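The following note sets out numbered remarks on the model shown here. Please read them alongside the sequence and the coordinates.

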Amino acid sequence: KLDELVANLSTLVQNQERIKNEIENNTPCNQLKNDQERQNQNYKKLQNSIKEASDILKKFSKDTSQNLDELLNSELSFETQNSLNDSKSNLSKNDTQNASNSISKSAENLRSMLEAVEEIKNSFKNESIQKMSQEFYAAINNILRLSNNQENLLQNFTNIRSSSPQVKMLTSSQFEINKQFANFIGQLFELSTKTFHITPNI
């Protein structure tokens, strides 16, 4: 989802830069009005995507979710919305000078938004690597411990008679190992679901 936000914002920046270049090259306002309208609509969609990403990532990283919420409600986000609205309004009025200023400001604000999302993405990547490493090591340690316990238990079973009072105790130990192994499988499943939400290079 963060990759999608970066890609969408990159497109918004590129398109706003194009509109900026065109008005600086004396392209009439009425020829740019529809392009700016699409930009404004796409920015609103982006805001919805940021909220969706925040909700999705909340159970994986509270910090990342909070950072996205803060960006969405930041002064930068509101300034970007205002400058885009001003760009559309000025183009509709054929006010070339003010349109050029607001379009340029919009491009600058969108680039700042892109940088902010890229920073959030990188922080999430680093956090994910650390968490995944810790959880993988914990899973490996668990299966090694279970394997060692199982091996010792099998050895004990081999060395006693079926009529021995120890059989009951060993059977109970086997039941406990089976429970722990079931927990280990659950741990692996939970770990596997988390990996779907980070990119393969992590």
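1. Serine 65 has a relative accessible area of 3% and therefore counts as buried, a class that requires under 20% relative accessible area, with over 50% called exposed and the range in between partly exposed (1.4 Å probe, protein chains only). The residue belongs to helix H3; helices here are DSSP runs of H or I with at least four residues, strands are runs of E with at least two, and both are numbered from the N terminus. Beyond its neighbours within four places in sequence, serine 65 contacts Ser54, Leu57 and Lys58, where contact means heavy atoms within 4.5 Å. From serine 65 to arginine 111 the C-alpha separation is 21 Å, across 46 residues of sequence.

2. The model is predicted: local features need pLDDT of at least 70 and side-chain atom pairs pLDDT 80 or more, whereas totals for chains, interfaces and linings use all residues. Residues are numbered from 1 along each chain as its sequence is written, and side-chain values rest on heavy atoms, leaving out hydrogens and water.

3. Serine 49 sits in helix H2. Setting aside residues up to four places away in sequence, its contacts are Lys1, Glu4 and Leu5.

4. The largest nonpolar core holds 21 residues, and Leu5, Leu9 and Leu68 touch the most other members. Such a core is a set of buried Ala, Val, Leu, Ile, Met, Phe, Trp, Tyr and Cys residues joined through side-chain atoms within 4.5 Å. Two or more residues each come from helix H1 (2-24), helix H2 (29-57), helix H3 (62-72) and helix H5 (96-158). Another core, of seven residues, lies apart from it and includes Ile23, Cys29, Leu91 and Ile103.

5. Residues up to four places away in sequence aside, leucine 68 touches Leu2, Leu5, Ile50, Ala53, Ser54, Leu57 and Ile120.

6. As for the overall fold, the protein chain contains six helices and zero strands. Its C-alpha trace spans about 100 × 25 × 25 Å along the principal axes. Buried residues account for 33% of the 202 residues. Of the contacts between residues at least 6 apart in sequence, 76% join residues at least 24 apart.
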